Amino acid sequence: MGTVQTPAGVSNEVAFVFPSGGSSGAVQVGILSSLLEAGITPDLMVGSSVGALNAAFLSAEPTVQRAAALELVWQRLSRADVFGRNGYGLVRRLVARQSHLYTPNALRSLIARLCPLGDLAEGAVRLQVVTTDLDHGVARWWGSGHACDILYASASLPGLFPPARLDGSRHVDGGVLEPYPVQRAVDLDASVVYVLGEPPSLDATKAQRLSALDVLIRSFEISRYGRLPEPATVARPGQRVIVIPGADTSGIPITDFRHTAHLIRTSREISRRFLLSLSGTGVPEPHESADSHA
């Protein structure tokens, strides 16, 4: 398969972008299968929050078989695997006015099971993970460092989980500032950027009643996604940004894991049809690195 020609200053690399989104990370799993089965493999993976967890799992071995293993992990996930089961502890922390509602134990345990890396730099594919530096108000990108600690920080929803200490600062969810981290892949000069899933819809909620947690999460989503630029507009000359569609997650709270099977199955079907539709449209084919990984 021929190499795609790119202008000076743009690498001949393929990047996969894994957005944030809690339980909607299941959409990425379905899309991954379609990309890998089509022979499209990444040279770079960029992840935020739950997307960082998916990317780290795949970075050890970007294959169809590894994606299938990730699907099995997701099929078994429940809300308790992320937030734990201790309701009494939740009330006690509210009364005590602590900085978080949930202990980090369940989430850290999940990350330890998901992440095969000791250091982010150990993967077979270059990996970039984003966290939000709470003390300095900036996004921080990580390509190396203790994997489980950085991944916990990237997935640590502010107010729900305690911040993580990294390099002397407190860090929370990377999705606060980078929920849809396309720009990072563009800045790292990838020639083709595949984004795993579309931004969530911010249509009017149909819920009649919203709990305090619902209000917090809904507000968080609006602040993150309300002003996102159109992904294709951030590409420079010689670059392509391709958003791969998946299942519609409208109305599914990011804390609700009961729809995982549907999201994976539907995302696989939609993304397969989309990739087939790209044939003959001038979109670059998988480059020779797809063969070199075989």
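Me: What should the 18 residues of α10 span, and how far apart are its end C-alpha atoms?

Reply: The expected span of a helix is 1.5 Å times one less than its number of residues. For the 18 residues of α10 this comes to 26 Å, and the end C-alpha atoms are 26 Å apart, so the two agree. Helices are DSSP runs of H or I with at least four residues, strands are runs of E with at least two, and both are numbered from the N terminus. This is a predicted model, in which local features need pLDDT of at least 70 and side-chain atom pairs pLDDT 80 or more, while totals for chains, interfaces and linings use all residues. Residues are numbered from 1 along each chain as its sequence is written, and side-chain values use heavy atoms, without hydrogens and water.

Me: How do you know whether the span of α1 fits its 13 residues?

Reply: At 1.5 Å a residue, α1 should span 18 Å. Its end C-alpha atoms are 19 Å apart, which agrees.

Me: Why is α1 called largely enclosed?

Reply: Buried means under 20% relative accessible area, exposed means over 50%, and partly exposed lies in between (1.4 Å probe, protein chains only). Twelve of the 13 residues of α1 are buried, so the rest of the structure largely encloses this helix. Among the buried ones are G25, V29, L32 and L36.

Me: What covers the buried residues of α1?

Reply: The cover includes β1, α2, α3, β7, β8 and α10. In turn, the buried residues of α10 have a cover that includes α1, α3 and β8.

Me: Which residues of α1 and α2 meet?

Reply: Contact means heavy atoms within 4.5 Å. G25, Q28, V29, L32 and L36 of α1 meet V50, G51, N54 and L58 of α2. By class this contact has five nonpolar, four polar and no charged residues. Here Ala, Val, Leu, Ile, Met, Phe, Trp, Tyr, Cys and Pro count as nonpolar, Asp, Glu, Lys and Arg as charged, and the others, Gly among them, as polar.

Me: How many aromatic pairs does a search of the whole structure find?

Reply: The search finds three. Rings of Phe, Tyr and Trp (its six-membered ring) pair if their centres lie within 6.5 Å; planes under 30 degrees apart count as stacked, over 60 as edge-to-face and the rest as tilted.

Me: Why is the pair of W74 and F257 called tilted?

Reply: The ring centres of W74 and F257 are 6.1 Å apart and the planes stand at 35°, so the pair is tilted. W74 is in helix α3 and F257 in the loop between β8 and α10, so the pair ties together parts 183 residues apart in sequence.

Me: What makes W74 and F257 count as buried?

Reply: W74 has a relative accessible area of 3% and is buried. F257, at 11%, also counts as buried.

Me: How do you know which class the pair of Y102 and F161 belongs to?

Reply: Their ring centres are 6.2 Å apart and the planes are at 45°, so this pair is tilted. Y102 sits in the loop between α5 and α6, and F161 in the loop between α7 and β5, 59 residues apart.

Me: Why is E13 called partly exposed?

Reply: E13 has a relative accessible area of 21%, and is therefore partly exposed. E13 is found in the segment before β1.

Me: What makes S59 count as buried?

Reply: S59, in helix α2, has 0% relative accessibility and so counts as buried. Leaving aside neighbours within four places in sequence, S59 is in contact with residues including M45, L117 and V125.
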